Amino acid sequence: MSQNTKIVPFHLSGLGWWNLYFIVKIALYFKGTIGFHPIDNFALLLFILVPIRHNILNVIRHIMAVPLAAAVIYYDSFLPPFQRLIAQFNQLMQFEFSYQLELIGRFMSLHSLMGFFVLATGFYLLNKFFRVTIFVIATMVYICFLKQTTMVPLPITPNQQIQNIQPTTTNTSSSQPITVPLINDEVLNNLKADFFTQEANRKVTFNTQDSKDAPFDVLFLSICSVAWDDIKMANLENHPLFKEFDFMFDNFNAATSYSGPAVLRLLRASCGQEAHGKLFSPAPSQQCYLFNDLKKLGFNENLLMNHNGLFDDFINLIKKDGDIQTNLMPEKGFTPYEKAFDGSSIYRDKQVLNHWWQQRLKSDSNKVVALYNTLSLHDGNRIIGAPSRSSTDSYKYRLKNLLDDLYDFFQVLKASNRNIVVALVPEHGAGMRGDKMQISGMREIPAKTIIHTPVGLKIFGPGIKRINNQVHIKGPSSYLALSQLISNILSNNIYQSKTFDPSKLAHDLPTTRIVAQNSGSTVMKVNGKYYVSLDGSTWSEYPE
């Protein structure tokens, strides 16, 4: 053997420094942060352990092991499939560099780096006295044979009949959860298919005679990135704004975790819930378009935002697939309040809303239906001139500002003595708490904490009196119920009678099973638990 091919030890005995990789994974597994796929992990282990006597080949082997190890730990994690991140690459590149660094920091914090340093130092010292590789392999064997992976695939039971299903009907107030005797991929796929089949037959009818009521406006407040979980995290669930509403939906499902699809679902609220892919094609009927239903009753459209609507082609999307015909209200003269995640300007909500309302008071329109969309809470935004804050602290501060702005705007509406119905309809949550599948701020999968949004409706008008207290709509609801509530308000001529009973207007609103989708992911609640599918056919219980 020549001198060039002399065997030179490349690493410590056994796995060497690769022990540290497996120790970290073992620790994360027992913490419940990741799962463990035995075949893949032992294949990597053996690939590293098998002796190679040629030093150059040994070096090449360890270089090859690095991307393989990264792929295995990503596979063990509960994060969305890597191809979903690749699909969002173009959008990620539109983020400011500082925001991209912040997102990277959420994967690996300073605290975790310090912990890794301590672990590496401890391994270096212990490895002088113990064969750490033996303990690592023994622990991996223990995990394989005495532990189950955190995310267990559902059993496959061919020809399993679906029984005891509580079907969704066209108009029901039942809030009983759906139950099935056995959960497996086939059952869940059939439940999903049945859900969309039933939803395709559901519609809200707006009677042309409903236009006889006294004129009033309708304003939809479409808010990006706020769910009940975010509000509770910020300790703002008792904010006075929520006491202002006459109707509160306690179990509203936003059905998605992205802005464009969420607003499309609102604009197509007069028909049952569509599958995600169908949102980007014409609706089954013109009757599905909520604004079109109201335009037939004499309402004129208004569209206002506190941003330019250019990111992800948002404004063109809602015009094309949401059937919005009007142009965006000009934003000249507004003072930038935030710098958005993509570097564009965000304006203060109270400034935009108060400006629109002053223009509305001067308008000749008899009645208006308006959509206001705000990005004030979007992850990565920075308040101009404010001290630098952590993502969580910044979100809490911006959320309080938004709720305060809306509360103040409500007082302006009261003082104006004009007839207007205002609906708060957040697009989705911010996901600020994060979970095992998604880091803080990540919304690739419509998790239950992201789709459970605070939806409420308030009736304003001079001399109009509410009979009874604020009503809480407790059944599982979605956009169809909101459209039906608007229809009920119109058909009851409340502005002519000057009185309304929230409990009667909300009686027998349609319920909707909890199914939520993004491109490439579906989350569905069955038997009181949430299940997720990332490929359209196989399911796993969403990890708590």
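Cys-271 and Cys-288 are both buried, where buried stands for under 20% relative accessible area, exposed for over 50% and partly exposed for values in between, with a 1.4 Å probe and protein chains only. The model is predicted, so local features need pLDDT of at least 70 and side-chain atom pairs count only at pLDDT 80 or more, while totals for chains, interfaces and linings use all residues. Residues are numbered from 1 along each chain as its sequence is written, and side-chain values use heavy atoms, with hydrogens and water left out.

A disulfide is taken as a pair of cysteine sulfur atoms within 2.5 Å, and this rule gives a count of 1 disulfide. The bond links Cys-271 with Cys-288, at an S to S distance of 2.0 Å. Cys-271 and Cys-288 are both placed in the loop between helix H12 (259-267) and helix H13 (290-295), so the pair ties together parts that are 17 residues apart in sequence. Helices (H or I, at least four residues) and strands (E, at least two) are DSSP runs, numbered from the N terminus. The torsion about the S-S bond is about -75 degrees, so the disulfide of Cys-271 and Cys-288 is left-handed.

Two further cysteines were examined for accessibility. Cys-224 is buried, its relative accessible area being 0%, whereas Cys-144 is partly exposed at 23%.

An open sheet has 3 strands in the order S5-S4-S7, with antiparallel pairing; two strands pair if DSSP finds at least two bridges between them. Strand S5 (345-347) and strand S7 (382-383) are the edge strands, each pairing on one side only. Strand S4 (residues 336-339) runs antiparallel to S5 and is joined to S5 by 3 bridges. Pro-336 stands opposite Tyr-347 in S5.
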